[in-house]
Structures are given as structure tokens and as C-alpha cells.
Amino acid sequence: MTRARVQVRGRVQGVFFRAEARTRAESLGVAGWIRNLPDGSVEAVFEGQDERVESMVEWCQRGPPGAGVEAVDVEREEPMGETGFRVR
């Protein structure tokens, strides 16, 4: 199990980034959450099997159609036992 906190900057709000991330995370069995931040970026936590969390982090590099990802910062954290995936 692993946990990654990501912050995605660029054109990532108003392009269904959170909804698409939730759909993808649920299909992969990845737990966590995602939210918009006041500065226009998106923050998310992904927790689950290593390769599935990595798949989510890689997806954040491009995002959904319409997104313009400029940068993705990733911090590794200790897993906290997240269950389900929520849009905040």
C-alpha cells in the first residue's frame, strides 16, 4: 500500500478533472479524495496498491480532455487507511 498527495496546476478547474479522477480511481480501486484549491489548482490524495496509485499519478500528468496540465507536485505519505474516493 502507498499514499500520494498531488497538486496539479494549469487549466485544471472547470474541465471535469475531479469527476474524471473519481471515476478512474473508483475503477482502479484507489481510495482518497480530490478538491479544487482557491489558487486554481487541484489537490488529491490517492491511496492503494502501488501500481494503481502510480496509474493515478500518471493520469494527473495529462488529466481529462480539455485540461492543460502545467505541473504536478507529488508527495509520498504514510497510508492512513482511506476508504472510498470523494470529491470535496
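## Helix packing

Is the crossing of α1 and α2 right-handed or left-handed? In this predicted model, the two helices cross in a right-handed sense. Their axes come within 10 Å and cross at roughly 160°. Angles over 145 degrees count as roughly antiparallel, so α1 is roughly antiparallel to α2.

The contact draws on both helices. From α1 come Phe17, Glu20, Ala21, Arg24, Ala25 and Leu28. They meet Arg52, Ser55, Met56, Trp59 and Cys60 of α2.

## The buried side of α2

Helix α2 spans residues 50-60. Its buried residues are Val53, Ser55, Met56, Val57, Trp59 and Cys60.

## Nonpolar core

The largest nonpolar core holds 21 residues. Within this core, Val6, Val8, Phe17, Ile34, Phe46 and Cys60 touch the most other members. At least two core residues come from each of β1 (2-11), α1 (17-28), β3 (42-48) and α2. Helix α2 gives the most, with 5 residues.

Cys60 shows how these pieces meet. Leaving aside residues up to four places away in sequence, Cys60 touches Val6, Val8, Phe17, Phe46, Val69 and Val72. Cys60 is also one of the α2 residues in the contact with α1.

## Strand pairing

Strand β2 covers residues 31-36 and runs antiparallel to β3, with 6 bridges joining the two.

β2 and β3 form a hairpin with 5 residues between them. In the turn, Gly40 has a positive phi of about 95°.

β2 also pairs with β5, residues 85-87. Here the strands run parallel, and 3 bridges join them. Gly32 has Phe85 in β5 as its bridge partner.

## Threonine 2

Thr2 is found in strand β1. Is Thr2 buried or exposed? Its relative accessible area is 16%. Buried means under 20%, so Thr2 is buried.

Which residues does Thr2 touch, not counting those up to four places away in sequence? The set is Phe46, Glu47, Gly48, Gln49, Asp50, Val53 and Pro79. Among these, Phe46 also touches Cys60, and Val53 is one of the buried residues of α2.

Terms used: Residues are numbered from 1 along each chain as its sequence is written. This is a predicted model: local features need pLDDT of at least 70, side-chain atom pairs count only at pLDDT 80 or more; totals for chains, interfaces and linings use all residues. Side-chain values use heavy atoms; hydrogens and water are left out. A nonpolar core is a set of buried Ala, Val, Leu, Ile, Met, Phe, Trp, Tyr and Cys residues joined through side-chain atoms within 4.5 Å. Buried means under 20% relative accessible area, exposed over 50%, partly exposed in between (1.4 Å probe, protein chains only). Helices (H or I, at least four residues) and strands (E, at least two) are DSSP runs, numbered from the N terminus. Contact means heavy atoms within 4.5 Å. Two strands pair if DSSP finds at least two bridges between them. Axes are lines fitted to C-alpha atoms, for helices over the stretch in contact, and angles run from 0 to 180 degrees between N-to-C directions. Angles under 35 degrees count as roughly parallel, over 145 as roughly antiparallel, 65 to 115 as roughly perpendicular and the rest as oblique. A crossing is left-handed if the near helix is turned anticlockwise from the far one by less than a right angle, and right-handed if clockwise.
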